Amino acid sequence: MLFSQLVVASLIASGTAFNGMNRMSKAAHVRSSFQMVATEPKAKKLQKVEQIKLNSNYLASPLKEELDNDEIFVSPDAVVVLKYHGSYMQDNRDKRARGVDKSYQFMLRLKSPCGEIPPELYKKLDNLCDEYGQGDLRITTRQLNSNYLASPLKEELDNDEIFVSPDAVVVLKYHGSYMQDNRDKRARGVDKSYQFMLRLKSPCGEIPPELYKKLDNLCDEYGQGDLRITTRQAWQLHGIMKGDLKNVISTIMEAGSSTVGACGDVSRNVMCSPAPFVAPAYQHARHYAKVMAELFKPQSQAFTTLWEHAEGGEEKEKVADMEYWMQDLKNSGMDQEYIQKAMMKDTGHGIITDDPVEPLYGNRYLPRKFKISVTVPGDNSLDIYINDIGLVVITDDAGELQGFNVMVGGGMGRTHNKDSTFARVADHFGYVAKEDVMELCKSILAAQRDHGNREVRPNARMKYLVHTLGVDAFRTLVEGYFGKPVEPWQSIIDFKYQDWMGWHEQGDGKWFLGVNVEQGRIKDADGVNVKTALSRLVNELDLTMILSPTQSVVLKDILPEQRARVDTILKECGIKPIEEVDPLTRLSIACPALPLCGLAVAEAERRMPEFITNFRGLLNRLGMGEEVVMLRMTGCPNGCARPYMAELALVGDGVESYQLWTGGSPVLTRVSSAYADRVKWATMDQSLEPLLVNWRDNRNTASEAFGDFCNRVGVKGLAEFSAAYKSMQPEPLPWMTRLLALKA
């Protein structure tokens with residue numbers, strides 16, 4: 001637990017409140033409480049690292065004893081202590097060989113406030129690296145020393161390398177891009193072939209036709225010929241070369257779009273229900289999703305200055321006067337000046353920092369990414385509970401906006417074999433009137449900025465701060481920034497899941513159509529020409545699209561007389577009407593995973609179609625052919641496809657191996673549970689069959705969903721049934737085993 005979290009938790013437990021206190025008085029209370037908190041007996045056993053530090057005699061042992069022995073390495077306990085002395089033990093993996101001991105060496109990192117290096121020190125370092133090191137020095141550059149997310153990226157964009165340095169990779173994320181390596185093309189002794197992925201910012205998932213036309217051309221000219229829809233309603237372009245980044249990003253900016261905030265430790269793309277109904281509640285939700293996107297937009301000028309020029313240094317067309325979603329806000333009376341004023345509003349409670357460039361974020365930005373979504377009561381098409389902040393529109397009977405119910409502390413990411421990391425659904429935090437919603441959201445962000453865990457990155461998301469304090473104590477912390485109490489959560493109708501696929505009336509005489517896109521990949525393949533279809537629809541009918549949270553597309557503002565033409569184009573391109581799409585496919589989500597994601601350890605997007613086919617075949621064989629289960633799959637435990645909310649999820653935990661999660665809610669309000677580890681893809685059906693038979697034979701009612709059944713029975717009950725079921729099955733013959741292996 002962070003020191004700040006311990007202090008706040010202790011103060012609240014002792015009856016001390018932060019309400020109405022300014023930042024200075026809060027700090028005074030924290031300082032005066034240090035000794036009390038530090039000496040409290042610990043109820044829980046100290047973690048291993050904490051125990052090592054406790055026994056190190058103030059960071060001396062066992063390092064002191066090991067420095068003079070004859071080994072070329074130090075023990076794991078000494079490694080922990082060594083870090084505090086500015087050094088890490090390392091092993092050069094390029095020089096590893098089977099049967100040969102590792103060749104250990106050590107990295108030293110110097111402390112240099114403000115990055116200032118006197119000439120005499122540099123002369124020493126220059127000699128030391130030649131005499132004792134590998135002959136070079138390396139500059140560490142992170143957010144704090146990046147000149148507001150410009151360096152060293154700015155210097156490296158114009159060099160001759162096809163990659164950027166690790167420090168530039170960190171900065172590049174804030175500009176909406178990741179450096180990737182296609183693992184399908186790796187070969188021993190051959191340098192990696194680096195390329196870049198670009199992710200766009202698109203609040204509410206709205207994509208104007210002119211922007212789509214640009215992206216359609218860019219992915220052909222500079223990318224790998226396809227586009228991909230993310231689970232946060234944004235576009236990704238893959239396969240861009242480093243030398244083309246400036247041209248591609250500047251072209252996107254000219255079209256009134258942006259990649260700012262699509263990645264990095266800032267507020268990410270703000271989500272909203274993809275249903276373009278004209279009902280007041282839905283209009284309010286879309287409006288405030290765009291407000292939040294602009295309110296928490298990073299302010300650094302690097303986001304424009306780095307990408308202003310095209311190839312060869314020629315001046316490009318001027319960046320659009322405003323991003324397209326800002327035009328919508330301007331039309332409603334909330335222009336950029338209005339939102340900037342709201343962002344800069346300083347109530348004296350510690351929200352606004354003294355940083356001249358980033359008044360909300362400060363020059364270190366946030367401890368980790370920050371996610372916001374907005375919806376209406378009853379509509380959980382966007383997984384509202386997985387966000388750092390979830391806003392639910394509250395209107396009166398006439399549709400006039402009154403305020404918002406607020407959720408806090410959701411998040412998916414976790415790490416295998418680390419119980420300190422976990423998926424979590426958001427808590428119901430309270431209610432805020434419409435005139436205060438921006439200030440409350442700023443207060444929540446400021447609480448995470450100041451008290452989130454910056455020491456341990458896997459525990460840096462706000463969900464861990466909320467979990468550690470508890471929602472009541474976290475509310476008290478936020479109220480210290482907000483300056484007044486947060487009102488209680490208002491009663492609303494239950495949430496339901498709806499993907500908004502198929503034809504629907506908007507409410508203004510026009511229609512919208514949800515088109516299923518399997519795993520979000522916009523391409524032409526195997527007779528299903530999604531890319532051609534969208535290009536024809538946008539060019540011929542000038543349709544605006546909305547990207548859905550389930551990686552599909554909603555086409556909006558379709559005139560009644562255009563419906564037949566839309567259906568014809570889709571049919572000609574081999575796209576089935578939603579009634580002919582298997583519900584398993586329709587409900588499924590998978591992350592891109594291999595070959596481009598550097599974190600993936602198993603397949604996801606490329607495997608999901610096969611999994612769905614196999615799963616449907618298994619249901620048919622068990623006499624359950626009409627059943628539907630929400631399936632999700634990821635190549636690693638970070639949770640990009642929100643697997644921990646699904647009824648059944650496969651989470652990659654090794655080569656051709658998955659962790660199974662069961663028990664999520666079909667309406668996406670509950671986290672599932674880990675059921676089994678290291679389940680091999682080759683024997684997946686054998687692991688799933690007992691679960692399905694148990695559900696078939698022992699559910700309470702015919703309508704009890706698979707996720708609800710698994711949650712009710714629990715992991716232990718499911719495992720006991722599966723063990724008994726498998727013991728009754730005949731052992732596979734050797735030839736059957738070989739056949740299964742060949743099939744895999």
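1. The largest cavity is lined by Lys201, Val260, Gly261, Ala262, Ser267, Arg268, Asn269, Val270, Ala293, Phe296, Lys297 and Pro298. On a 1 Å grid over the protein atoms alone, a cavity is a set of points where a 1.4 Å probe fits but cannot get out, and lining residues have an atom within 4 Å of a point. Its volume is about 50 Å³, taken as the space filled by probe spheres set on the points.

2. On provenance: this is a predicted model, where local features need pLDDT of at least 70, side-chain atom pairs count only at pLDDT 80 or more, and totals for chains, interfaces and linings use all residues. Residues are numbered from 1 along each chain, and side-chain values use heavy atoms, without hydrogens and water.

3. Turning to the sheet, five strands (DSSP E runs of at least two residues) form an open, antiparallel arrangement in the order β5-β18-β19-β14-β13. Strands pair if DSSP finds at least two bridges between them. β5 (206–207) and β13 (502–505) each have a single partner strand, so one side of each is left without a neighbour in the sheet. Two bridges join β5 to β18 (residues 544–547), and glutamate 206 stands opposite isoleucine 546.

4. Methionine 545 is worth a look. Beyond its neighbours within four places in sequence, its contacts (heavy atoms within 4.5 Å) include Glu206, Ile207, Trp235 and Val553.

Definitions and conventions. Helices (H or I, at least four residues) and strands (E, at least two) are DSSP runs, numbered from the N terminus. On a 1 Å grid over the protein atoms alone, a cavity is a set of points where a 1.4 Å probe fits but cannot get out, and a pocket is an open set with protein on both sides within 12 Å along at least five of seven lines; lining residues have an atom within 4 Å of a point.
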